Amino acid sequence: MNTATFDPVGLSAKDFKTDQQVKWCPGCGDHSILVQLQKVLASSGATQHDTVFVSGIGCSSRFPYYMNTYGFHGIHGRAPAIATGIKCANPKLDVWVVTGDGDALSIGGNHFLHTVRRNVGLKIILFNNRIYGLTKGQYSPTSEFGTRTKSSPYGAIDHPIHPISVAIGAEITFAARAIDTDVHHLQYVLQRMIQHKGTAFLEVYQNCQVYNPNAYAFATDRETRLDHVVYLEHGKPLIFGIRKDKGIRVRNDALEVVDLAKVSPAELVVHDEKAENSSMAFRLAQMHYPEFPEPLGVFRAIEKPTYEELMMGQLEAGGQKEGAGRLEQLFMAGDTWKVD
Amino acid sequence: MRTTPKSTKPVKELTQAAVRFAGDSGDGMQLVGGQFTSTSAVVGNDVATFPDYPAEIRAPVGTPAGVSGFQINFASRHVYTPGDRVDALVVMNPAALKVNLGELVEGGILIVNSDEFTEPNLRKALYDHNPLETGELDRFQVYKVPITQNTLEAVKDTGLSPRDAGRCKNFYALGLAYWLFDRPLEPTLRWINSKFGRVPAVARANSLALQAGYAYAEAAPELTVRFRVQPAKLRPGTYRSLTGNQAAALGLVTAAQLAGKPLFYGSYPITPASEILHDLASYKSLDVRVFQAEDEIAAMAAVVGAAFAGAIAATGTSGPGMALKQEAIGLAVMTELPCVIINVQRGGPSTGLPTKTEQADLWQAILGRNGECPVPVVAAQSPADCFWTAIEAVRIAIKYMTPVIMLSDGYLAMGSEAWRIPDLSELTPIEIRHATDPETFQPYARDQRGARPWAIPGTPGLHHRIGGLEKEHITGNVSYNPQNHQLMVTLRARKVDNVADDIPDQEVFGSPSGQLLLVSWGGTFGAVRTAVQQAREAGQDVSHAHLRWLHPMPRNLGEILRSFRQVLVCEMNLGQLQLLLRARYLVDAMGLHKVQGRPFTVAEIRDQINKLLGDKK
């Protein structure tokens, strides 16, 4: 199953494919994410041996088996913790976490929050299909209120949480959203993740053809999608619509959709992904269809020291302060006495 | 600095003595207990200690719930336990008297801070009378000392507030005890100066209190005799006092250094294991990477990740945390990655008795996971032994590519003993051979012991995938094949059984066969060994086998068990090892069980020996 490739330069997308049969359902959005990531890794100069994919449990978590890199298919919800251990043991590795809405936000909610707040240098892709697929169709923590599933035949009475809101609430340094069918934009966002130094979080709206088809039809329908999503671009006003005739502004301390025929573009919110204060990013994350177009792109990208940098920095400082680390000194610490 | 004053009073020689300091949680009893210990060690005694304190940070002042105690056993020969009962008891208030009086031997020395035996304090201690006035303590040698007043008087020139001045009374009590057992003051005076050097008034006050306590005892007419315990004949070398948790932390960092690797320690704070986390967090110059995780689960999962990436990876916890870690330990078994899990056992189930000791996690260690999930299990037998056990656990983990569970307990973790500091040349390097050859590499190929190769990310050409799903033999690809699963379950079990090739044969203390064999494991070693030693000296036909490895067990154990008429398993649970021995070796092993949150006393074990051997002494 390993391919002996020593030349890290000039790898192609094919070099990141394994010989394992991809077992996702036909039409599943996971296929697209896999292919785009293989392309982006190849073009970014990543190597097979310095790249590690870590996952939890669920359909998305089969991902490492299909990536010809180091891979660790972990246990449900714990991928961020496993990946943190890997990154601390060897900060030079490029460590990716592939997770789903149940894996990251239900059973793994705690690990997700704390990985984000520590700013561990991990790239986390959350495949959000708003359903439990592998266990064959129960509602997930991102399923909409009232969703009818096998475990909620009368409609889910849980209110959903929104991954980007959660990540921003935990002070994420990089948060983005993409959709499985918009492959060029997905590639762009993946590239941006690679460039980010701390925790880079990407939510992908991913279609589950079998248990939750059309969950994102509003954002994928070729005719109407541009009226239902807004692409975030740093430094540019929030304008959307098939005819680019609508925008977002703040009025009475709330976001609202405006018609550009009536409102000047100067009044629109200008996207600032580098804003230190995360409140506008959080507001953007609260924009939901049908009241609002849903934002795609980079919500937030700020710089902060990473967990592993700080950890290694303390080791280095400790080494300088206490002199070259020597066990003998440690052994002899405190009161000692000699027996002859 | 003044030296210890000369005494004019007669000295009685003892081979061994035990002292307990007891007071309110805020009275600084742990501190003076620690000082008495290191001073006793410095004068060459062998020492064993046991702190006993409440789980609450500050239980209501003056109540029995808030009593904190510290017991030291010191001797001119080897000591294995902190002592069943104490020869001298120092109590700082009525509650401490109430809680600890049962620990004092008949005729023992009782030093009482008489200032605190006031009406309100007696009420808080649930006394309806003053025990100092009823004669009920006449069976002891009682010395009523106005410790609080005397301390205030001794430190009045230091300018401390009455409140701060009063806080020096623990050192006054320590001074009394130092006089009584002929200990020098210098080590503690030095310690006070280094500890409180930045606040000269406090340093001076504590020093004055210590000296005043000593001087009071010398001057007091009722104190007519003092005691001396000569130095023990210990193996030559440099020694220090070490608690089990300190020893475990040192053992882990030593193992990583012996392997030439960083140590990754992922942990979540839990009593009584947190000191391992604290100690390791301070070892920055030795490449110790400490990760305080969000929970027990993450701590263990991160350990598995760090092991995958090539670090010496370990975690420490106690029973409730162990329960949460089992899922990720199963992952380490499936992915066959080396790591060490230290379980500092405490009273259970559930939250149980956080600060009290127990050995009821043996089944959890050996049997506590889903599926056929074998893990080697080793238990430390004394505080300093935690050092050696941690190194051994790391060595086996790497050699067999497996998680290893190391069992300690609250008694070992908090207790301390003299540790002979090893010379680095005495320590065997830990050999690690990572896979490097892409031509021959197969993730689940095995060596003759059954261990798979350790191929770490970053190695060119060896990229591969592992995980919690069943693996195909050799290739490590996911496999649901029925025959393959049977093979892999068997291979994992066999690999762990093979660890028995690496552990020494079981030794028996005493005769290799006979009337009665006592079997113990973990922290009960000291009490059982002392009891068997005493019984043998009294002519009883009893031997002792103390198990270090609980899974797998030594190859010759069955033969040993069958060589005795009776087998008695002494453990602080309701018979966990007993059941395993009965099941595995078909011997009619009996059990001596204690689950009171406190270790066995030597007397309890001797009583049982007497019962089984018909009381022939």
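These legends describe close-up views of a predicted model.

**View 1. Chain A as a whole.**
Chain A contains 10 helices and 12 strands. Its radius of gyration is 22 Å, close to the 20 Å that the globule rule gives for 340 residues, so chain A is as compact as a globular protein of that length. The C-alpha trace of chain A spans about 95 × 50 × 50 Å along its principal axes. Of the 340 residues, 47% count as buried. Among contacts in chain A with a separation of 6 or more, 66% join residues 24 or more positions apart.

**View 2. Strand S1 of chain A and its two partners, S3(A) and S2(A).**
Strand S1 covers residues 51–55 of chain A, and five of its five residues are buried. Thr51(A), Phe53(A) and Ser55(A) point one way from the strand. Val52(A) and Val54(A) point the other way. S1(A) runs parallel to strand S3 (residues 94–100) of chain A, with five bridges joining the two. Within this pair, Thr51(A) stands opposite Asp94(A). S1(A) also pairs with S2(A), again in the parallel sense, over four bridges. Here Ser55(A) is opposite His73(A).

**View 3. Strand S2 of chain A meets strand S17 of chain B.**
S2(A) is made of residues 70–73. This strand pairs with S17(B) across the chain boundary, in the parallel sense, over three bridges.

**View 4. Val116 of chain A in its surroundings.**
Val116(A) sits in helix H4 of chain A, residues 109–118. Is this residue buried or exposed? A residue is buried if 20 or more other C-beta atoms lie within 10 Å of its own. Val116(A) has 25 C-beta neighbours inside 10 Å, so this residue counts as buried. Beyond its neighbours within four places in sequence, Val116(A) contacts Ala167(A), Ala170(A), Glu171(A), Ile172(A), Thr199(A) and Phe201(A). Leu186(A) is 70 residues away along the chain, and its C-alpha atom is 21 Å from that of Val116(A).

S12(A) pairs with strand S9 of chain B, residues 237–243. The two are antiparallel and share four bridges. Trp337(A) has Tyr239(B) as its bridge partner.

**View 5. Two helices across the strands of chain B.**

**View 6. The contact between chains A and B.**
Chain B gives 65 residues to this contact and chain A gives 54. On the chain B side, the elements that give two or more residues include H1 (29–42), S9, H9, H12 (319–335) and S17 (465–467) of chain B. Which element supplies the largest share of that side? H11(B) does, with nine residues. By class, the chain B side has 37 nonpolar, 20 polar and eight charged residues.

**View 7. Domains 2 and 3 of chain B.**
Chain B is divided into domain 1 (11–229), domain 2 (240–426) and domain 3 (514–612). The C-alpha centres of domain 2 and domain 3 of chain B lie 25 Å apart. Their contact takes 21 residues from domain 2 and 20 residues from domain 3. On the domain 2 side, H13 (362–367), S14 (377–379), S15 (403–409) and H15 (410–414) of chain B each supply at least two residues. That side has 13 nonpolar, five polar and three charged residues.

Note on methods
Residues are numbered from 1 along each chain as its sequence is written. Chains are lettered from A and ligands numbered from 1 in the order in which they are written. This is a predicted model: local features need pLDDT of at least 70, side-chain atom pairs count only at pLDDT 80 or more; totals for chains, interfaces and linings use all residues. Two strands pair if DSSP finds at least two bridges between them. Domain bounds come from an automatic or database domain assignment. Two residues are in contact if their C-beta atoms, placed from the backbone, lie within 7 Å. Ala, Val, Leu, Ile, Met, Phe, Trp, Tyr, Cys and Pro count as nonpolar, Asp, Glu, Lys and Arg as charged, and the others, Gly among them, as polar. A residue is buried if 20 or more other C-beta atoms lie within 10 Å of its own, exposed if 12 or fewer, and partly exposed in between; C-beta atoms are placed from the backbone. The radius of gyration is taken over C-alpha atoms; the globule rule is 2.2 Å times the number of residues to the power 0.38.
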